[in-house]
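Hi everyone, thanks for coming.

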Amino acid sequence: MAEKLAGSIDTFCDSPKECRACLLLTTIAWFLHTFLSYGTDSWVELSEGPTESNQRLWNHCSKTLSNTDITCRESVSYFLMYRNQDVPGWLHATRFFQSIGLLMSLASFVSSLCCTFVNITDRKRHAQVAAAVINFVTASSMLIGISIYGGQYRYETWLKGYHLSWSFAFSILAGIAHLVSGAIYIFTLPDSALVESLG
């Protein structure tokens, strides 16, 4: 057991610094998207006098004079039902792309682990190509979702006066981190001649 652990640590230390950087980037991006964007309640915010409200992807949160704590008990569907409106298609599309981004972000983290802990062989090259593709798909999904949300929310009457907030910003940062990580993987692929000589 100790030998396997020592071998893994040696493999990690021997892996190219670019792979270790990508592991760090994908870990940060996964954390940002999972814990500071996707499930948080500040995609958009409104603060007008005594009323404060914000919106998650699924919930509407508000605070009034009678209720001094921000509560997020009301789903967006329920909130809109009282206004005789349906959840708009653009919000469903944002939810879809952000959910795909959430799953792919975890896959990206796992693929980065594999790249960092695989010796320089033909498998390393394949693992790195796979990690790059997964990172690009993740980034695309997140960035498409935030483009839809950022481009459409201002046209909804029920979001009049709202402005984009920190949950939205963290999703942008996570998408960019995955994009950078994918680019690093592509530009630092192991040389085929080196792989053959070591294989």
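So, first a definition: a disulfide is a pair of cysteine sulfur atoms within 2.5 Å. By that rule, this structure holds 0 disulfides. Take cysteine 22, which is in no disulfide: the nearest cysteine sulfur belongs to cysteine 19, and that's 6.4 Å away. What about cysteine 114? Its sulfur is 7.1 Å from the closest cysteine sulfur, in cysteine 115, and that's too far for a bond.

A word on where this comes from. It's a predicted model, where local features need pLDDT of at least 70 and side-chain atom pairs count only at pLDDT 80 or more, while totals for chains, interfaces and linings use all residues. Residues are numbered from 1 along each chain as its sequence is written, and side-chain values use heavy atoms, with hydrogens and water left out.

Now, the overall layout. Helices (H or I, at least four residues) and strands (E, at least two) are DSSP runs, numbered from the N terminus. The protein chain has 7 helices and 5 strands, and along the sequence they go α-α-β-β-β-β-α-α-α-β-α-α.

Next, what's inside? I call a residue buried under 20% relative accessible area, exposed over 50%, and partly exposed in between, using a 1.4 Å probe and protein chains only. Buried residues are 37% of the 199 in the protein chain. Back to our cysteines: cysteine 22 is buried, at 0%, whereas cysteine 114 is partly exposed, at 39%.

A nonpolar core is a set of buried Ala, Val, Leu, Ile, Met, Phe, Trp, Tyr and Cys residues joined through side-chain atoms within 4.5 Å. The largest one here has 18 residues, and Leu91, Tyr149, Tyr153, Trp158 and Leu159 have the most contacts inside it. Strand 1 (44–48), helix 3 (76–81), helix 4 (89–117) and helix 5 (122–152) each supply at least two of its residues. Which helix gives the most to this core? Helix 3, with 3 residues. There's also a second, separate core of 7 residues, including Cys19, Cys22, Cys115 and Ala131.

Last stop: helix 4 against helix 6 (residues 166–187). They pack at an angle of about 40°, with their axes 12 Å apart; axes are lines fitted to C-alpha atoms over the stretch in contact, and angles run from 0 to 180 degrees between N-to-C directions. With contact meaning heavy atoms within 4.5 Å, Gln98, Ser105, Ser108, Ser112 and Cys115 in helix 4 meet Ser171, His178 and Tyr185 in helix 6.
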